[in-house]
Amino acid sequence: MISRKLNDRMTSSVQVRIAELEDAERITSVINSAFRLAEQFFIDDARIDVESVRNYLNTGNFLLAERESVLMGCVYVEPQGNRAYLGLLAVDPARQQSGLGSALMNAAEDYCLGLSCRSMDIKVVNLRTDLFGFYQKRGYVETGTSPFPTDVETKLPVHFIDMSKRLSQTHPSTNYDSHVADKLL
């Protein structure tokens, strides 16, 4: 486990670790809480179910941010050769705007660097315009579009904006040291 002081507003340590199968229900809960608040204007259903989280755990890893065994946020990463996919970045609504999302992004990028991935790919819902600045500041650039899952009913037309970033050893936009990958592997 790794203790990180995330920023001045988060005064106690946060542990970042790789999720285990028994974490699936807590992961589902934090993702649905975070996404419900942000996506309720275009989607009514829960973002994910426990079975889907378990399936993700078979193809990649969730990195969990915890303080005193309380799950505060998570992010999914899936290595795909020399690239990696990052998705389902979620921070408990009570802890948003604290720097935790950036810390989880750093942990995910470092973890994938440790697996020899050179680039990170993400998909951002086109209607979530608030996210584009966050990812662009982190070095992600638009690379195209892709369809939203057809089995998910939406209130508005929606698609993904695909974005990518070349991974590097440093994170100039944050106060986070990049030794996570070594400790998580």
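The protein chain has an accessible surface of about 9600 Å², and carbon and sulfur atoms account for 46% of that area; accessible areas were computed by the Shrake-Rupley method with a 1.4 Å probe. The model is predicted, with local features requiring pLDDT of at least 70 and side-chain atom pairs pLDDT 80 or more, while totals for chains, interfaces and linings use all residues. Residues are numbered from 1 along each chain as its sequence is written, and side-chain values use heavy atoms, without hydrogens and water.

Of the 185 residues in the protein chain, 49% are buried (under 20% relative accessible area, 1.4 Å probe, protein chains only). The chain contains 5 helices and 8 strands, assigned as DSSP runs (H or I, at least four residues; E, at least two) and numbered from the N terminus. Their order along the sequence is β-β-α-α-β-β-β-α-β-α-β-β-α. Among contacts (heavy atoms within 4.5 Å) between residues at least 6 apart in sequence, 66% link residues at least 24 apart.

The largest pocket holds about 1200 Å³ of space. A pocket is an open set of points on a 1 Å grid over the protein atoms alone, with protein on both sides within 12 Å along at least five of seven lines, and lining residues have an atom within 4 Å of a point. Volume is the space filled by probe spheres set on the points, which are joined across faces, edges and corners. The lining of the largest pocket comprises 43 residues, with Phe35, Leu88, Leu89, Arg128 and Leu131 nearest its centre. Strand S5 (83–91) is among the elements that each supply at least two lining residues, and S5 contributes the most, with 7 residues.

Note on methods: 1 Å grid on protein atoms, 1.4 Å probe; cavity = no way out; pocket = protein on both sides within 12 Å on 5 of 7 lines; lining within 4 Å. Buried < 20%, exposed > 50% of the residue type's maximum accessible area, 1.4 Å probe, protein only.
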